Amino acid sequence: MDNLIPFLCDHVLLFITFSVAGWCMEVFLKYREFHRFINRGFLVGPYLPIYGFGAVSVTLVMELLGAFDNSLGTTFVMAFVVCGVIEYLASYYLEKRFHARWWDYTGKPMNLNGRVWIGNLILFGLGGTVIVKVIDPAFFSLTARIPLPVRGFLSFALGTLFAADFVFSHFIMKMIKMGIESSTADNTEAIGREIRLMMSDKTIFHQRFVNAYPEVVYRTERINRKLNEIRRETEEFRNEISERLDEEREALVYRLEPAAFIKNDIIEKQTALIDSLKTARELTDEESTLMAEIDSRLVQLSSRENRLTRIVSVIRQKLDDDADSETETAAAAEEGAVSDKVNDTE
């Protein structure tokens, strides 16, 4: 119990610290993108809890695994996985709860349902490694110097402020959700205009939610049905094109097949047909004679093909030998010329 209170205080402070740091980073990135200040997040205060949860989760996981393996590779993998799971679950919850996607990586490479993508996951792994190996030791060393009553007061005060902000923001988000659900629009742009109009006469705290995510994608049931219909039509069109390409390919192969291949195919099918007739009934003397002549001609054709193959092989070998001989002669001549030139110089 004596160690539990310092443990909780330190990790609450760690959560708040990285929530604020994440907010600062996103505000900076969005300022570079839109050239104006955007108060990111769905909370009023200057913090993004997803970054705090990620930092604390990775720290706790590595504190548990530290006795077994605390290598850089393990830290990177755990940060990669833990932060990826947190981002995916946060995106899923917000979309299902408020019918909106606050971030969408659909156009990014190696994304999972547009909720996470490989670029962010790699950054999470690297950032988590730096947090566990560099920042955490320095942070906990700093908090250890702060008297426990002060740490307790800061943790309680900041935690209470965060909880109150969460409740207040939740009611505002519920208002936005009701506006989304009551909308008759069938595209995210029209819904966005309706939400901005609805919030235009509200307080600055209401309006900031609309401004916090300029690229938000609204997903009502109407839009989801439309998207599913588009996906179905696209899949049907893709299948139809694939079938047509297969038909055209078969027709092209049929038209361009060499005559020699066709003749060989006919001969093989005739031979199979004759074998089938032989097993069906007894052949007459005339049919037996004809069958023997066909077998003899097939043997002759096969022998000729084998002989032709050997002749081609011999010719190719001869050409290769002549080429090697010419190369050796040229090399010898060049060597002799160089030798003569040396002798003349002497």
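## Helices and salt bridges

Q: What pLDDT do local features need here?
A: Residues are numbered from 1 along each chain as its sequence is written, and side-chain values use heavy atoms, leaving out hydrogens and water. This is a predicted model: totals for chains, interfaces and linings use all residues, side-chain atom pairs count only at pLDDT 80 or more, and local features need pLDDT (the predictor's confidence in each residue, from 0 to 100) of at least 70.

Q: How many residues apart in sequence are the parts that Asp10 and Arg151 tie together?
A: Asp10 forms a salt bridge with Arg151, with the closest N and O atoms 2.9 Å apart. Asp10 lies in helix 1 and Arg151 in helix 5, so the pair links parts whose separation in sequence is 141 residues.

Q: Is Ser19 buried or exposed?
A: Look for Ser19 in helix 1. Beyond its neighbours within four places in sequence, Ser19 is in contact (heavy atoms within 4.5 Å) with residues including Pro46, Tyr47 and Gly52. Its relative accessibility is 1%, and buried means under 20% relative accessible area, with a 1.4 Å probe and protein chains only, so Ser19 counts as buried.

Definitions and conventions: Helix = DSSP H or I, 4+ residues; strand = E, 2+ residues; numbered from the N terminus. Buried < 20%, exposed > 50% of the residue type's maximum accessible area, 1.4 Å probe, protein only. Salt bridge = Lys/Arg side-chain N within 4 Å of Asp/Glu carboxyl O.
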